[in-house]
Amino acid sequence: MAHVVKYHPSISLLEQYSEGTLAAELALVVAAHLDFCPHCQTLHRDIEADLGCELAMQSAPEANSDSWQQMLNNILAEPAAAVPARKTSPVTPSQSQLVVGQHSFVVPRSLQRLVSKRNKWLTLGGISTAKLPGTDENHLSLLCIETNTQVPLHTHKGLEITLVLSGEMVDEMGQYAAGDLIINTPDHTHTPKNIAGEPCLCLSVLTAPLEFKQGLTRLLNPLQRFFY
Ligand SMILES: [Zn+2]
């Protein structure tokens with residue numbers, strides 16, 4: 001797990017994630033990326049802190065500087081509140097382990113509950129896929145690509161967003177490993193393949209072209225900025 005994540009979401013995408021304005025499936029992929037990526041965790045915390053500041057500024061009364069300073073003094077004089085223990089939902093071994101045929105993968109924390117609700121695996125030519133529950137707008141699924149297997153050449157009518165969860169994958173643009181987030185825009189053609197010695201597990205979101213034009217316009221711009 002010493003691998004350093006190379007492909008990240010754009011700042012705009014992280015901002016929308018922090019604001020809670022991303023479609024649910026995309027928010028999930030960003031959350032799962034954060035599980036892998038200390039770099040983006042820090043960015044995310046900074047963005048949230050900025051958002052908090054903006055909110056505080058908006059709601060701050062027109063106080064004169066004396067009373068403002070007094071309030072600050074009071075706050076600073078208070079003993080630090082004990083940090084409550086972080087509540088984590090219990091995770092059973094079956095949730096943290098995902099079995100696909102002969103292979104077993106560890107699933108990132110943010111995906112464990114969802115993955116346990118997947119549809120059954122469909123396998124064809126070394127590629128297995130299982131749909132995950134989600135909205136009708138976007139298709140969220142798991143994809144397991146066997147060693148020495150190539151995904152047939154394809155273009156995208158909408159966006160294709162892929163997060164590598166385990167193993168490695170290459171396409172015409174680069175080489176991707178666990179935590180890497182790959183965003184392909186419409187009309188983009190590529191042939192992802194797994195040439196590593198282990199199976200590759202990915203999380204994938206596909207958006208349909210109609211939804212893309214009508215509902216996800218706001219999303220398109222930051223993603224394009226990310227991509228180019
Ligand atoms: Zn990152």
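Reader: What makes E3 and strand E4 a pair?

Author: Two strands pair if DSSP finds at least two bridges between them, and E3 and strand E4 (residues 127-131) have three, in the antiparallel sense, so they meet the definition. Thr123, for instance, stands opposite Ser128 in E4. Strands here are DSSP runs of E with at least two residues, and helices are runs of H or I with at least four, numbered from the N terminus. The model is predicted, so local features need pLDDT of at least 70 and side-chain atom pairs 80 or more, while totals for chains, interfaces and linings use all residues. Residues are numbered from 1 along each chain as its sequence is written, and side-chain values use heavy atoms, with hydrogens and water left out.

Reader: Why are strand E3 and strand E10 called edge strands?

Author: In the open sheet of six strands, ordered E3-E4-E5-E12-E7-E10 with antiparallel pairing, strand E3 (122-124) and strand E10 (181-184) each pair on one side only.

Reader: How do you know that Leu203 touches Val29?

Author: Contact means heavy atoms within 4.5 Å, and Val29 is among the residues that Leu203 touches, including also Leu142 and Ile161, when residues up to four places away in sequence are not counted.

Reader: What makes the largest nonpolar core a core?

Author: A nonpolar core is a set of buried Ala, Val, Leu, Ile, Met, Phe, Trp, Tyr and Cys residues joined through side-chain atoms within 4.5 Å, where buried means under 20% relative accessible area (1.4 Å probe, protein chains only). The largest has 37 residues, and Val29, Leu142 and Leu203 are among those touching the most other members; its largest share, six residues, comes from H2.

Key:
Buried < 20%, exposed > 50% of the residue type's maximum accessible area, 1.4 Å probe, protein only.
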